Each structure stands twice: as C-alpha cells, then as structure tokens.
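Please open the model in a viewer and keep a selection panel at hand.

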Amino acid sequence: MSGDFMRNRFLAFSLGALLLGSTAACTTTANTASFNTAALNNDATAIAYAVQAIEGIPELESHLSASEKAKFDNLVAQIRSVTAQVAANSNGSITVATGKDWAKSLGTDLETLLAIATPIVKVYSPSAATYMQTVQAMIPLVEALAGVTATPYAAPLQSPELVRARIYQGV
C-alpha cells in the first residue's frame, strides 16, 4: 500500500509540475499579462496571412451585406492590430491589458470573421471552403498557447506547425 501511495503522490506531483510548466509562457499581474511571443508570433503571423487570404477571395466582398462588410472590416482591423503587436514584440514578450482578454479576443474575432465569410465562400467559392476549416483550427491553438483555454492533455489532431503549413499552402 505504501508503494502505491508514494507512486500516486509522485504522479500527482509530476502532473502538477507539467501543468505549471505548460503555463510558463504567460505571467500575470493584477492588470496586465506578459506572453512569450516566440511561438505565439508564428501563430499570429499565420492568422494574419489567413485573414489577408480570406479578404482576397473575390466572391466574398461582393456578397457581403453593408452591415456584414462593416463588421468584417472591423474584425480584420482588430486582428491586424493584435497580430502587429505580437510581430513587433516577437523578440521577447508582450504585455497587454488583461481586461481586454486579447488572446481570447483574437480567437473570437477570427471565429466571428469565419462565421461571416464561410457561408458565402461555401456557395460562391467552394474550393476555398476547406481553407476556412484549416483557418478555424488556429483558434484553439492560439488560445491554448496564450493560456486562454486549457492545453489539452492529449496531443491535438493537428500540430500547430501542420496547421500553419496548410494555411500558407492554401489548403
């Protein structure tokens, strides 16, 4: 019984250390959070590229209503702002106001942008519909990296590197 108890304590300690290590990319104070941007910049750059590619789908803009176009343009501007901040600080860390939940916002903004664009793309540019699914896969990756959502215990179905590669390949 004593061996099982010690083994369970060791496993619990190891799991705790693993979870603590997985959040090391983020430090938080009362009003700000700092994120290590080395890996985050890779994802942010891929998101910026994807947004530019989606924005460039010729059939998309002509089929957006005026209100959808305004919302779409606002989301593009917000995403570009966050990705530019990450890119400008990719050599170390970025400190942002935590009240804005910027990483969650980046994922939410991208998700909303895709919700507007995907139905139109499916109808008028079906060849780009798969690309929209690839871009969708970035949302949980960037949120987990920034500590917004819990990192899954199991390996994700697609690695961040694979998702980024598929975004740049246009698939």
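**First stop: Thr-134.** Select Thr-134, which is buried at a relative accessible area of 3%; buried denotes under 20% relative accessible area, exposed over 50%, and partly exposed the range in between, with a 1.4 Å probe and protein chains only. Thr-134 belongs to helix H6, residues 129-136. Helices (H or I, at least four residues) and strands (E, at least two) are DSSP runs numbered from the N terminus. Now display the contacts of Thr-134, a contact being heavy atoms within 4.5 Å. Setting aside residues up to four places away in sequence, Thr-134 touches Val-163, Arg-166, Ile-167 and Val-171.

**A note on the model.** The structure is a predicted model, in which local features need pLDDT of at least 70 and side-chain atom pairs count only at pLDDT 80 or more, while totals for chains, interfaces and linings use all residues. Residues are numbered from 1 along each chain as its sequence is written, and side-chain values use heavy atoms, with hydrogens and water left out.

**The whole chain.** Zoom out and colour by secondary structure. The protein chain has eight helices and three strands, and its elements follow the order α-β-β-α-α-α-β-α-α-α-α from the N terminus. Of the 171 residues in the chain, 32% are buried. Among contacts with a separation of 6 or more, 78% join residues 24 or more positions apart. The accessible surface, from the Shrake-Rupley method with a 1.4 Å probe, comes to about 9,800 Å², and 60% of this surface belongs to carbon and sulfur atoms.

**Helix H4.** Select residues 66-88. Why do the end C-alpha atoms of H4 lie 33 Å apart? The helix has 23 residues and should span 33 Å at 1.5 Å a residue, so the separation agrees with expectation; the expected span is 1.5 Å times one less than the number of residues. The buried residues of H4 are Phe-72, Leu-75, Val-76, Ile-79, Val-82, Thr-83 and Val-86.

Within H4, centre on Leu-75, which counts as buried at 6% relative accessibility. Beyond residues up to four places away in sequence, Leu-75 touches Asp-109, Thr-112, Leu-113 and Ile-116. The C-alpha atoms of Leu-75 and Asp-109 are 5.9 Å apart, although the two residues are separated by 34 positions along the chain.

**The nonpolar core.** In soluble globular proteins, nonpolar side chains tend to be buried together. A nonpolar core is here a set of buried Ala, Val, Leu, Ile, Met, Phe, Trp, Tyr and Cys residues joined through side-chain atoms within 4.5 Å. Select Ile-47, Ile-54, Leu-60, Phe-72, Leu-110, Val-135 and Ile-167: of the 34 residues in the largest core, these touch the most other members. H2, H4, helix H5 (102-124), H6, helix H7 (138-145) and H8 each supply at least two residues of this core. The largest share, eight residues, comes from H5. Next, inspect Leu-60, which contacts Ile-54, Phe-72, Ala-117, Ile-120 and Val-121 when neighbours within four places in sequence are left aside.

**Salt bridges.** The structure holds five salt bridges, each a side-chain nitrogen of Lys or Arg within 4 Å of a carboxyl oxygen of Asp or Glu. Select Arg-164 and Asp-43, whose side chains meet at 2.5 Å, N to O. Arg-164 lies in helix H8 and Asp-43 in helix H2, so this pair ties together parts 121 residues apart in sequence. Are these two residues buried or exposed? Both Arg-164 and Asp-43 are buried.

Move to Arg-80 and Glu-55, another salt bridge at 2.5 Å, N to O. This pair links distant parts of the chain, with Arg-80 in helix H4 and Glu-55 in helix H2, 25 residues apart. Arg-80 is partly exposed at 42% relative accessibility, and Glu-55 is partly exposed at 27%.

**Last stop: the aromatic pair.** A search of the whole structure finds one aromatic pair. Select Tyr-49 and Tyr-168, which pair edge-to-face at 4.9 Å centre to centre with 65° between the planes. Rings of Phe, Tyr and Trp (its six-membered ring) pair if their centres lie within 6.5 Å; planes under 30 degrees apart count as stacked, over 60 as edge-to-face and the rest as tilted. Tyr-49 lies in helix H2 (residues 37-55) and Tyr-168 in helix H8 (residues 160-169), so the pair ties together parts 119 residues apart in sequence.
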